[in-house]
Amino acid sequence: MTKLSDLGPPITGTRHGGPPKNEAEHFYTCPTCGQPVDMRDLRQVIWHDKPVHNRLEMDA
Ligand SMILES: [Zn+2]
């Protein structure tokens with residue numbers, strides 16, 4: 001299983017629009033593997049954007 005840390009250091013993005021109401025708004029559920037994706041970390045977004053992938057091991 002690919003570890004999050006295998007993808008390098010965190011790549012933080014800038015949020016468009018106002019601040020979220022709660023922590024859950026930072027996440028979406030990946031339609032491919034069903035894992036919650038933290039949109040604040042571009043590594044995770046790019047990983048889950050691949051058509052075929054496995055869940056990431058969240059070690060970092
Ligand atoms: Zn996924």
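The protein chain has 1 helix and 2 strands, where helices (H or I, at least four residues) and strands (E, at least two) are DSSP runs numbered from the N terminus. The model is a predicted one, in which local features need pLDDT of at least 70 and side-chain atom pairs count only at pLDDT 80 or more, while totals for chains, interfaces and linings use all residues. Residues are numbered from 1 along each chain as its sequence is written.

Read from the N terminus on, the elements of the protein chain follow the order β-β-α. Along the principal axes, the C-alpha atoms of the protein chain fill a box of roughly 35 × 25 × 20 Å. Of the 60 residues of the protein chain, 7% count as buried; a residue is buried if 20 or more other C-beta atoms lie within 10 Å of its own, exposed if 12 or fewer, and partly exposed in between, with C-beta atoms placed from the backbone. Two residues are in contact if their C-beta atoms, likewise placed from the backbone, lie within 7 Å. Among the contacts in the protein chain with a separation of 6 or more, 48% are accounted for by residues 24 or more positions apart.

Helix 1 spans residues 42–49, and its buried residues are Gln44, Trp47 and His48. These residues cover an arc of only 90° around the axis, which puts them on the same side of helix 1; the arc is that of the directions from the helix axis to the C-beta atoms. On the other side of helix 1, Ile46 and Asp49 are exposed. Strand 2 (36–38) is included in what covers the buried residues of helix 1.

Strand 2 contains Val37. Leaving aside residues up to four places away in sequence, Val37 touches Phe27, Tyr28, Cys30, Gln44, Val45 and His48. Two of the residues named here, Gln44 and His48, belong to the buried residues of helix 1. Val37 is itself partly exposed, because 18 other C-beta atoms lie within 10 Å.

The segment before strand 1 (27–29) holds Glu25. Glu25 counts as exposed, because it has 11 C-beta neighbours inside 10 Å. Glu25 and Asp38 are 13 residues apart along the chain, and their C-alpha atoms are separated by 9.0 Å.
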